[in-house]
Amino acid sequence: MKRFFSRSLSDVTTPASGTRTSSFGFLVLAIGLILAALAQGVFAAPKCKLPVTGTVWQVDNATIRPEGNWEKFGARSLLVQWSAVDDLAFIPGSGLPTYDELPDWERIANEPWASEVILGLAGYFDENMARAYFDKLTEQSLLLAQAPTPVNITGWYFPVEVDPTWTDAPSLVPFLNQLPRPLWISIYDSANVGAEPLATWLKSWLPKDVGVFFQDGVGLYIRTPEVAHHYVDVLEQHLGRSRVRVIVEAFRPMPEGGFRAATVSELAPQIAAYPDHKLYLFDGPHYVSESLVNALVQLWCPTTRKTR
């Protein structure tokens, strides 16, 4: 890390009278260099505010080596959906059996888009299994939280997703209370019960030191970005702004089944709907390519063309 030192005025030697001409010439040269640097944009202030806080990574065999340029769009935080799934771990040293191929955590720790990591704990691909065995997932998660990793962990995520149709969700509380802090879960409302009922229900049972990632539902065509923004506002009113972050669904369903990446024209208004909120793109390695990032950056920060 570079260190910069400044000199106090008392360290500057006053020149003799015979050096005024050379000092003036040096001053002119310095001003010329600064003006040239300004012309090249070296000291230019940022012309735009990048909207994204982070990306989500749903670890699987297809994305075991995540690559991206998400930092160009502002991403500095990485939400890892899970560090173990279906009883096998993606990190060594937890005591759990591991997958044959593991992510290169050392390399990920040095990526600009993973300067901060919210590390997901133990989960299952199948949501019904995760909800049925969250006690077992809690035990595995406690082991994972003790495993050494090179990434800069700034929080933890318990990957048992919650929605209002799961009436037994409050039974999670004693298990959430065992997990390390800061702790996050994710929530969604595919049943469209509404923002106010969702927020009121969550507030009635969720521990006050647990934050939520709200899945916006736009990618699944459940709601428009404008309605999703209303959900975010209501959740923040009930839970507090610091406890709410937004998962921007950067995918769209295909008629034949499965999902595709959202296009620029689909994703841009979705992102723009949440000004001044902490946004995480779901998910970076699967759906947010370098070309998509570059196109989004160009929309937010159009390149100024020089005229001659």
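Helices and strands here are DSSP runs, numbered from the N terminus. I'm keeping that in mind because the model is predicted and I want to know where each residue sits.

**Entry 1: a buried charge**

I started with glutamate 249, which lies in strand E10, residues 244–249. Then I looked at glycine 219: its backbone nitrogen lies 2.9 Å from a polar atom of the glutamate 249 side chain.

**Entry 2: ring pairs**

Next I went through the aromatic rings. I noted that a ring pair is described by how far apart the centres are and by the angle of the planes. The count comes to 15 aromatic pairs.

I picked phenylalanine 134 and phenylalanine 175. Their centres are 5.1 Å apart and their planes are at 75 degrees, so I wrote the pair down as edge-to-face; the cut-off for that is over 60 degrees. Phenylalanine 134 is in helix H4 (residues 134–146) and phenylalanine 175 in helix H5 (residues 173–176), so this pair ties together parts 41 residues apart in sequence. Phenylalanine 134 is buried, at 10% relative accessible area. Phenylalanine 175 is partly exposed, at 21%.

My next pair was phenylalanine 251 with tyrosine 287. This one is tilted, with 5.5 Å from centre to centre and 45 degrees between the planes. Phenylalanine 251 belongs to strand E11 (residues 251–253) and tyrosine 287 to helix H9 (residues 284–287), so the pair links parts 36 residues apart in sequence. Both phenylalanine 251 and tyrosine 287 are buried.

I also jotted down a cluster: ring pairs link Tyr157, Trp184, Phe213 and Tyr280. And I saw a charge over a ring, with the charged end of arginine 223 sitting 4.3 Å from the centre of the tyrosine 231 ring.

**Entry 3: the disulfide**

How many disulfides does a search of the whole structure find? I got one. It joins cysteine 48 to cysteine 301, with 1.8 Å from S to S. The torsion about the S-S bond of cysteine 48 and cysteine 301 is about 85 degrees, so I called the disulfide right-handed. Cysteine 48 lies in the loop between helix H1 (20–39) and strand E1 (54–57), and cysteine 301 in the segment after helix H10 (290–300), so the pair ties together parts 253 residues apart in sequence.

Terms used:
Residues numbered from 1 in each chain as written. Predicted model: local features only at pLDDT ≥ 70, side-chain atom pairs only at ≥ 80, totals over all residues. Heavy atoms only, no water. Phe/Tyr/Trp six-rings, centres within 6.5 Å; stacked < 30°, edge-to-face > 60°. Helix = DSSP H or I, 4+ residues; strand = E, 2+ residues; numbered from the N terminus. Buried < 20%, exposed > 50% of the residue type's maximum accessible area, 1.4 Å probe, protein only. Lys NZ or Arg CZ within 6 Å of the ring centre and 35° of its normal. Disulfide = S-S within 2.5 Å. Polar contact = N/O pair within 3.5 Å; in protein donor to acceptor, adjacent residues only side chain to side chain.
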